[in-house]
Amino acid sequence: MQNNFREVRKLIDESSRIILTTHVVPDGDAIGSVMAFSEYLRLKGKHPVIINHSETPFNFKFMDPGNSIKVFYENKEECISLLENADLIIILDTNDFKRTKSLEKYIESSKANKLCIDHHTGIDPDKFTLYISNTEYPSNCSILYDYIKDDDEKYLTQNISSSLYVGIMTDTGSFRFPRTTSEVFRVCADLIDKGADPVSLYENIFATTSKENLKLMAMFIESFEFYYDNKVVTGVVTQKDFSSLGLDIQHIEGFTGILMNIEGIKIGIVLVELRDNIKVSFRSKGDIDVSKLAKEYGGGGHKNAAGSNVKDVTIPELKERILKDLNNYI
Ligand SMILES: [Mn+2]
């Protein structure tokens, strides 16, 4: 059963050793969520600790000026002990322990209460003590905005407002994805009134492309192939592409957007070769539900944006399989 804000507040009030975490390769909504919520908890007199599997991507580092986010593999012993001794573990912007990667087994075995606040499909209620899971929200930070405001507007400080703004801006593709409603703008207007600066936040995140990153983008665009009467486009990034430029997965932020900007495209598929699997991102327009397709490959997500990680297959093999499956979608 979906829980309400009051029940969540009570659980937080009763907890003292609180850990926050989010998904692997965190995006703006993930970092915005952990930063905003940890600051809110501190204002409530708590001493939360953020532990993430991944290092914070370089263009979101400015959001954590005190370097407060602990990266699991950098402080393994300490992080394990914090997870084992916690009385509350809060999972934000994902509902799947697997997406916390190296933290998964410690979250699974910890006796702490587990709280999920998230906006993705596919939550397993049995995994959580309490959860707020609402796929209607365009970003997890939008849920946190409602939650914090419902507690007391005074907690919407400039820092918290800025973090929430980043989550909403990035998860709505800078206010152009389908769930960009008038409510999104009402919330962002309020966050700007409370000190979020849309100009500097945007520049910090998006105006940071290096020469190498642009080269990677060029290689990615070079890889485009079109199918189904130019309604489907695929793009590929290989380990070789990454290593030749000294880059990694955090540098492909925004690549799916390039595919979906092409006129007439209904479905975009990005295949990224990682060390031990292939990460596939599915994007679609309108009523085409790619979350079902992602599910067939062991993943999930939203109707228009979903993803999977697939093991023991090459990119050409996987691409061929997916393109065949698309028959049912296009
Ligand atoms: Mn999100």
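**Entry 1: helix 7**

I looked up what covers the buried residues of helix 7, and the cover includes helix 5 (140–151) and helix 6 (158–171), where covering rests on contact, that is, C-beta atoms, placed from the backbone, within 7 Å of each other. I note that helices (H or I, at least four residues) and strands (E, at least two) are DSSP runs, numbered from the N terminus.

The model is predicted, so I keep in mind that local features need pLDDT of at least 70, that side-chain atom pairs count only at pLDDT 80 or more, and that totals for chains, interfaces and linings use all residues. Residues are numbered from 1 along each chain as its sequence is written.

Which residues of helix 7 are buried? I found Val184, Val187, Cys188 and Leu191, a residue being buried if 20 or more other C-beta atoms lie within 10 Å of its own, exposed if 12 or fewer, and partly exposed in between, with C-beta atoms placed from the backbone. Seen down the axis of helix 7, these buried residues fall within an arc of 95°, so they line one face of the helix; the arc is taken over the directions from the helix axis to the C-beta atoms. On the face turned away from the buried side I found the exposed residues Ser182, Arg186, Ala189 and Asp193.

I also checked the span of helix 7 (residues 182–193): its 12 residues, at 1.5 Å a residue, should span 16 Å, and the end C-alpha atoms are 17 Å apart, which agrees. The expected span is 1.5 Å times one less than the number of residues. After helix 7 comes Gly195, whose phi is positive, near 115°.

I followed an open sheet of 6 strands in the order 3-2-1-4-5-6, with parallel pairing; two strands pair if DSSP finds at least two bridges between them. At the edges I found strand 3 (70–71) and strand 6 (130–133), each of which pairs on one side only.

Strand 2 (residues 49–52) pairs with strand 3 in the parallel sense over 2 bridges, and Ile51 has Lys70 of strand 3 as its bridge partner. Strand 4 (residues 88–92) and strand 5 pair in the parallel sense over 5 bridges, with Leu92 bridged to Ile117 in strand 5. Strand 5 (residues 113–118) is mostly covered, since 5 of its 6 residues are buried.

**Entry 2: the loop between strand 2 and strand 3**

Both Ser54 and Pro57 have their place in this loop. Why does Ser54 count as buried? I counted 20 C-beta neighbours inside 10 Å, and therefore Ser54 counts as buried. Ser54 touches Val24, Val25 and Pro26, not counting residues up to four places away in sequence. Ser54 and Ser102 are 48 residues apart in sequence, and their C-alpha atoms are 9.2 Å apart in space.

Pro57 is buried with 20 other C-beta atoms within 10 Å, and, leaving out residues up to four places away in sequence, Pro57 touches Pro26, Gln250 and Glu253. I find 25 Å between the C-alpha atoms of Pro57 and Thr121, which are 64 residues apart along the chain.

**Entry 3: the two domains**

The protein is divided into domain 1 (5–205) and domain 2 (211–328), with bounds that come from an automatic or database domain assignment. Their C-alpha centres lie 26 Å apart, and the contact takes 9 residues from domain 1 and 9 residues from domain 2.

Conventions:
Two residues are in contact if their C-beta atoms, placed from the backbone, lie within 7 Å.
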